[in-house]
Structure formats: structure tokens, C-alpha cells
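These are my notes from looking through one structure. I wrote down what I looked up, in the order I looked.

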Amino acid sequence: MKIATTLLMAAALLPGARASAQKFDTLAATPQMGWNSWNKFACNIDEKLIRETADAMVRIGMKDAGYEYVNIDDCWHGKRDKNGNIEPDPVRFPSGMKALADYVHAKGLKLGIYSDAGATTCGGRPGSRGHEYQDAISYANWGIDYVKYDWCDTKGLNAAAAYTTMRDAIRSAGRRMLFSMCEWGDNKPWEWGGDIGHSWRTTGDIYPCWDCEINHGSWSAFGVLRILDKQAGLRKHAGPGHWNDMDMMEVGMGMSEDEDRAHFSIWAMMASPLISGNDLRSMPESTRKILTNKDVIAINQDKLGVQAWKFMSEGTLELWAKPLANDEWALMILNRGPGPINYKVDWKKHRISDDLSKRELDINKTAYRWSDAWSGKTGDTGKNLDLTIASHSVAMLHLKVK
């Protein structure tokens, strides 16, 4: 441990290592897109799964749709060597992380990895506390592109300071790595995380249900609507390079197709990272079509980077708006309720004004063409639009100046 401590101190004392350290600010100009192993596989991971997932991401068109990160979550860890350097589990990852990163990079994709600010991870593996600079150097040497940093076993730690330490370690390691902070929103990371990470979790873990809370005693997991409702007031903190992360998606993990479409649409409208969590190797075509819907993805990846807000609600029906680049808009009509709802969009009835982006949607002044990202239907704002929104579903309209 003496050698490890010396290395750690040396890294911290590098000229400018802390005084000028910052995140790599050209990453995550739009919300990151990729896949993560946890939702489907938890600790049951190995290098074969990661290679096959990278293969599938290319084969089924997800890479072409914009997904680029293949992220290994918890339980990849082996032990630390005599110098304190972390090593991958030799049984699960016998080829090592460098070889795995090379394989993923050869596919035109990027590799992500997981650690924790505490001494142990949520799965009981070695965390990075006291080894931040060592671990960042290991990740850089392996060719890692993305670091998800969790918050288990952190009693006594200050969240902003702990995440700043890892940010500085990543910067000093010299490799451009996206820094995804998984602090669960406990310490309001949206208020201080903009200069530290590229995204931060806003809630506890997601669960594949429409509207539920699963209580685990000391923490809860939340369904799609519960997570959506917890985003109130947070949109002002999001933007290019710093996103509110609503957690990895549960598309293809047991909800209905309507719920999956709504889930994907909500994440897109809210400018949340789009990180799938299902088994890409064997998912049905219906799930693939949802995850690769280019029109919905384009709304999420819009370069203006403004998060949507709810501008109107009528019972279980909600209307959400998202300003887009080039004077375009996205509108989402969400049916939270148990039955279908008929709704007439009277384009001239409402003037939508956003005090955050200083953008205005006024059909009385400007005419638009619209397209529905899910049905493929098109039209213009010259006449009202009659919609039937299925239970637990959405209509998602993209408006462009006519």
C-alpha cells in the first residue's frame, strides 16, 4: 500500500492536476446513447456477453441509429494487486479489459466501465475510494471511454468533493472519458454537477413498470411516471455537456409496447441519456423498432439541448413541449390513464412560450408542418388534428416551419 499511496500522491501533485482540472467539455454535446449491462444481467456478466452485445449493436442497426457506448456495469472487478491497481475478474474477463476495449473499438463503438465513490461498489466489489487516480490511469490504459460512478458505501463523504476527485483523476489520466455521475439525486447534483460530470442521475433506480414504487427498505425503485414527475424544476440545469439522467431505459423489459413507446418518448423529450438495458442479442423486432426510431432519437439528440416541460394537463392527459434547433418544436401528448382518450389539437388555441429558451410557438404568427414520430402521419397546422391516444401511450409531433 505504500507504493500505491506514493503513486496517488504523485498524481495529485502533478503541475496543474487539481488547480486547472476540468471535465472533457466537448463530450456529450447531445445526450449520450448506448447500452448498459445492469438492468437485464446485474452481476451475471462476462466478456462474451460484452462482445456479443457490441456485435448485436452493429448488426441490428443501433449503431447506425446513434448508439455508441457499450457499458459494463458492476461486478466486472477482480482484486487489487499488491500495488493497489484494480484488475478485472480473471474468470469473467480472462482476456483483460484492454483486449475487450480493442474489440469494441474495432466495431466503431466505445467501451464504458463502472466504479463507485465508496470503498466497495453496490455489488460488494472494490470501489475507487482512495484509488481514484490509480483507477483512472488503469481505465485510460485499457482504452475506456465512459465512466459510470456510483454512490454506495459512501458514509462520511461529501458528494461534490468525491465526484470532483474522480473528475480530476480522469482528466489527469489524459484520456477523454465521459463522466456519468450516479448519485441518485440525494445531494441535488443538478445544482453543482455541471462543471464536474457530463450527466447526473436525478432519482433512485428505475423499475420496469408504468407507475409504481418498489420499496427496498433503505431505498426505492421507481416506474416511468414516478421518475418523470421527479424532474419538475430541473430543466434549467440541463444542456449540452450536462444532462439530467433519468436512469437507464427499461424498453423491452416487460412493459407493454405502448408503455415502451411512451417511455422512450419521455426520455427523448426530457433530453435524458438514451441507455438501453435489455438483451440486444435476442430482442423482438417490435422492441428494436422502438429503440431505433430515428424521428424520436432526433428529438433527443437535437443540438439546442433544451429539456421539455409540461405546459398543460387535462385529467390524465398531459401536453409537453420541447423547443428544437432551427425554430422547430416537439410536442408530446401523454395519456397517463387506464383508457384511451380522444383529443383535438386546436393549433390556434394555445400560444406556447418558454421563458428558459426564450422561444415561442404561436400558430397565429407562423405556420408549421407536423409529422407524428410513431404513426408516420403528416399534416400542417392549418387545420385541427384529431387524435386517439391509447392508454399509457403518447403521440409525438415534430413541427417544422412551413
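Entry 1, terms. I take helices (H or I, at least four residues) and strands (E, at least two) as DSSP runs, numbered from the N terminus. The model is a predicted one, so I kept local features to pLDDT of at least 70 and side-chain atom pairs to pLDDT 80 or more, while totals for chains, interfaces and linings use all residues. Residues are numbered from 1 along each chain as its sequence is written, and side-chain values use heavy atoms, with hydrogens and water left out.

Entry 2, the sheet. I looked up the strand order of the open sheet of 8 strands and found β11-β8-β7-β6-β5-β2-β1-β12, with parallel pairing. Two strands count as paired if DSSP finds at least two bridges between them. At the edges I noted β11 (243-245) and β12 (274-276), each of which pairs on one side only. Neighbouring strands of this sheet are turned by 25 degrees against each other on average, direction ignored. For that angle, axes are lines fitted to C-alpha atoms, for helices over the stretch in contact, and angles run from 0 to 180 degrees between N-to-C directions. As background, strands of a sheet pair through backbone hydrogen bonds, either parallel or antiparallel.

Is β6 buried or exposed? I found 5 of the 5 residues of β6 (residues 146-150) buried, so this strand is largely enclosed by the rest of the structure. Buried means under 20% relative accessible area, exposed means over 50%, and partly exposed lies in between (1.4 Å probe, protein chains only).

Entry 4, the partners of β6. Strand β5 (residues 110-116) runs parallel to β6, and 5 bridges join the two. Within that pairing, I found S115 opposite Y149. On to strand β7 (residues 178-181), which is also parallel to β6 and is joined to it by 4 bridges. Here the bridge partner of Y149 is M181. M181 in turn stands opposite W200 in β8. Strand β8 (residues 199-201) runs parallel to β7, with 2 bridges between them.

I followed the chain from β5 through helix α6 (residues 132-142) to β6 and noted a right-handed β-α-β unit. From β6 the chain crosses through helix α7 (residues 159-173) to β7, and this β-α-β crossover is right-handed. Right-handed means that, with the strands pointing away from the viewer, the path from the first strand over the helix to the second runs clockwise.

How many residues of α6 are buried? I counted 9 of its 11, which leaves the helix mostly covered. Among them are Y133, Y139 and W142. Just after α6, G143 takes a positive phi of about 95 degrees.

I looked up the total for the structure, which is 28. A salt bridge here is a side-chain nitrogen of Lys or Arg within 4 Å of a carboxyl oxygen of Asp or Glu. In general, side chains of opposite charge can pair when their charged atoms come close.

I looked at R175 and D145, whose side chains meet in a salt bridge (2.7 Å, N to O). This pair links distant parts of the chain, with R175 in the loop between α7 and β7 and D145 in the loop between α6 and β6, 30 residues apart. D145 counts as buried because its relative accessibility is 7%, and R175 counts as partly exposed at 26%.

Next came D211 and R226, joined by a salt bridge (2.6 Å, N to O). D211 lies in the loop between β8 and β9 (213-215) and R226 in helix α8 (residues 224-229), 15 residues apart. D211, at 40% relative accessibility, is partly exposed, and so is R226, at 31%.

I then looked inside helix α9 (residues 257-269), where E257 and R261 lie 4 residues apart, about one turn of the helix. Their side chains meet in a salt bridge (3.5 Å, N to O). E257 is partly exposed at 42% relative accessibility, and R261 is partly exposed at 22%.

Last, I noted a network of salt bridges linking K48, E52, D279 and R281.
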